[in-house]
Amino acid sequence: MKVILPMIAAIICIIILITGNLHWKDKTKVTSFSKDVEASTDVSSSKVEKKKADTPIKDDVSYIKNWPKKAQKAFKHAMKEGKTYKLAIVGSQVMGAEDGWANQLKNAMEETYGKEHLQVVVFSSDKTSNDFINNGLYEEVANEKPDMVLFEPFTLNDNGSVSEENNHENILTMISAIKKKNDQVDILIQPSNPIYGAKIYPQQVDNLKVFAKENDLTYLNHWTVWPDSQSDAIKKFLDEDGNPNEKGQQIWFEYLKEYFIAE
């Protein structure tokens, strides 16, 4: 019995020591893991904050997805820098008065993007492209230093009075003047409206499209949403002078709105 009792006591002591050691290791392991979690959380938060700082303001804006790539980048950069991006709409009387497509587009874009981010200026003239250049009206556009220009280059006004060659030269003259003020400007070309029964004018518009491609200019072909110009259906969209009526202004506006404010 004297031998057995010390042995039992020794065994109990060994058990106690082993149990205590395992408990200590378990505590140490949990504590260490908790610190790793906290460190990991701190690093993650740091990465999130850095990502937020590196992400351009409203980088997820999808409305501009149809714009030229360079224009998209420039617009986002302007927003990030707190600057106002400027679009100039330039063309003839076919853009209409206060309720015409140009002012409708101006109002829609400034409402969508906010006037603090985007400003639209409209230049309208009932002259030919020769008069527009010779009278120095194009300089007014250049002096605005626009970031983007939507230009309807008086093709219909020039029909029968100014040659295609001169019309194209006048386009290049205006572009050159604008680029002297802002060499990063994006130029978008669009034709005048279709008219009923014309023979030569449609070919001039086709040639304008070729000219735009040759000069690396974005061409917006809104004719795709109009009725065939050789059909009577087109008459419903034009007034007696061949200019867009209310329906014509609306169909033109809807085309441009879809481009500049993509859904």
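How many cavities of 30 Å³ or more does a search of the whole structure find? In this predicted model, the search returns 1 cavity that reaches this volume. The volume of this largest cavity is about 70 Å³, and its lining is made up of Thr155, Asp158, Val162, Ser163, Glu164, Asn167, His168, Gln204 and Leu208. Two or more of the lining residues come from each of helix H6 (155–158), helix H7 (164–181) and helix H8 (200–214), and the greatest contribution, 3 residues, is that of H7. When the lining of the largest cavity is sorted by residue class, 5 residues are polar, 2 are nonpolar and 2 are charged.

Open spaces were considered as well, and the largest pocket holds about 220 Å³ of space. Lys70, Ala74, His77, Ala78, Lys83, Thr84, Tyr85, Asp147, Asn182 and Gln184 line this pocket, with helix H2 (residues 69–80) supplying the largest share of the lining, namely 4 residues. Of the residues in the pocket lining, 4 are polar, 3 are nonpolar and 3 are charged.

The aromatic side chains were examined next. A pair of aromatic rings is described by how far apart the centres are and by the angle between the planes. The count for this structure comes to 15 aromatic pairs, and one aromatic cluster is formed by Tyr63, Trp67, Phe75, Tyr85, Tyr113, Tyr259 and Phe260. A contact between a charge and a ring involves Lys235, which lies over the face of Tyr196 at 4.4 Å from the ring centre.

Technical notes:
Residues are numbered from 1 along each chain as its sequence is written. This is a predicted model: local features need pLDDT of at least 70, side-chain atom pairs count only at pLDDT 80 or more; totals for chains, interfaces and linings use all residues. Side-chain values use heavy atoms; hydrogens and water are left out. On a 1 Å grid over the protein atoms alone, a cavity is a set of points where a 1.4 Å probe fits but cannot get out, and a pocket is an open set with protein on both sides within 12 Å along at least five of seven lines; lining residues have an atom within 4 Å of a point. Grid points are joined across faces, edges and corners, and a volume is the space filled by probe spheres set on the points. Ala, Val, Leu, Ile, Met, Phe, Trp, Tyr, Cys and Pro count as nonpolar, Asp, Glu, Lys and Arg as charged, and the others, Gly among them, as polar. Rings of Phe, Tyr and Trp (its six-membered ring) pair if their centres lie within 6.5 Å; planes under 30 degrees apart count as stacked, over 60 as edge-to-face and the rest as tilted. A charge sits over a ring if NZ of Lys or CZ of Arg is within 6 Å of the ring centre and within 35 degrees of the ring normal.
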